[in-house]
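Here are my notes on the model you asked me to look over. Have it open while you read.

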Amino acid sequence: MKKLIFAALVLLIGGCSSLNTGWDYNPEVNFTQYKHYAWVPATKEASAQYQLNGLLDQRVREAVDADLARKGYIKVDAKDADVLVNYLTKLDKRYKVDSINTSLGYSPFWGPHWYFGGSLQNNTQVKEYDVGTLIIDMVDAKTNKLVWRGSANGVIRDYKTPQQRIAKMNEAVVGVLNNFPPKPEK
């Protein structure tokens, strides 16, 4: 089941035409202290119950690494890091309901009591679709507390090539990390 969710998320991140991004952070944290980062080390318990999609994991990590390097952060071992990076994904089912009312015939008086001829028809369509979410967390390595969280979500669409999926993953990660580190309040 988890493999299916991650495969679908690859399609989401690989196919979002419009991404909803957002972030939150602890305003008491001085983000200029963070210069070195590492990925949160995987635990045996998490690995046992959580089968990660290797392609998705590789694409997320490469996109995050590239964006953080572009911003001047240096990837180091976890023991030497100022901030630890982690991500998670989820998939939600959504429904869109469209109702179309049509009438046949002629009505000189528009209203429920004055309808003459023809018939009123109501056509309702329910469409199911998937929305995937990518969440990226930044955790202070000394205190082990979450200091920043960013997310992107969008409707899952399919792209045919891995190159298209990688490009959209990069776009999604850049969108999520757009406000990391947070801009100082003025």
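The points below go through confidence, the core, charges and rings.

1. Ground rules. This is a predicted model, in which local features need pLDDT of at least 70 and side-chain atom pairs count only at pLDDT 80 or more, while totals for chains, interfaces and linings use all residues. Residues are numbered from 1 along each chain as its sequence is written, and side-chain values use heavy atoms, with hydrogens and water left out.

2. Confidence. The mean pLDDT (the predictor's confidence in each residue, from 0 to 100) is 79 for the chain, and 73% of the residues score at least 70. Helices (H or I, at least four residues) and strands (E, at least two) are DSSP runs, numbered from the N terminus. Where pLDDT is low, the predicted coordinates should not be read in detail.

3. The core. Which residues have the most contacts inside the largest nonpolar core? They are Val-64, Leu-68, Ile-136, Met-138 and Leu-177, in a core of 25 residues. Such a core is a set of buried Ala, Val, Leu, Ile, Met, Phe, Trp, Tyr and Cys residues joined through side-chain atoms within 4.5 Å. Buried here means under 20% relative accessible area, exposed means over 50%, and partly exposed is in between (1.4 Å probe, protein chains only).

4. Two or more residues each come from strand S2 (36-39), helix H3 (54-70), strand S4 (83-103), strand S5 (120-140), strand S6 (146-155) and helix H4 (162-176). H3 gives the largest share, 5 residues. Take Ile-136 as an example: leaving out residues up to four places away in sequence, its contacts (heavy atoms within 4.5 Å) include Val-64, Val-85, Trp-148, Val-173 and Leu-177.

5. Salt bridges. The whole structure has 8 of them, each a side-chain nitrogen of Lys or Arg within 4 Å of a carboxyl oxygen of Asp or Glu. In one, Asp-67 and Arg-70 bring their closest N and O atoms to 2.5 Å apart. Both partners lie in helix H3, 3 residues apart, about one turn of the helix. Asp-67 is buried at 2% relative accessible area, whereas Arg-70 is exposed at 59%. Lys-71 is linked with these two in a network of salt bridges.

6. Another salt bridge. Lys-79 pairs with Asp-80, and their closest N and O atoms are 3.1 Å apart. Lys-79 is exposed, at 67% relative accessible area, while Asp-80 is partly exposed, at 43%.

7. Rings. Rings of Phe, Tyr and Trp (its six-membered ring) pair if their centres lie within 6.5 Å; planes under 30 degrees apart are stacked, over 60 edge-to-face, and the rest tilted. The count comes to 6 aromatic pairs. Tyr-25 and Phe-31 have ring centres 6.0 Å apart and planes at 80°, so they are edge-to-face. Phe-31 also pairs edge-to-face with Phe-180, at 6.0 Å centre to centre and 85° between the planes.

8. The ring cluster. Tyr-25, Phe-31, Tyr-34, Tyr-73, Trp-148 and Phe-180 form one aromatic cluster.
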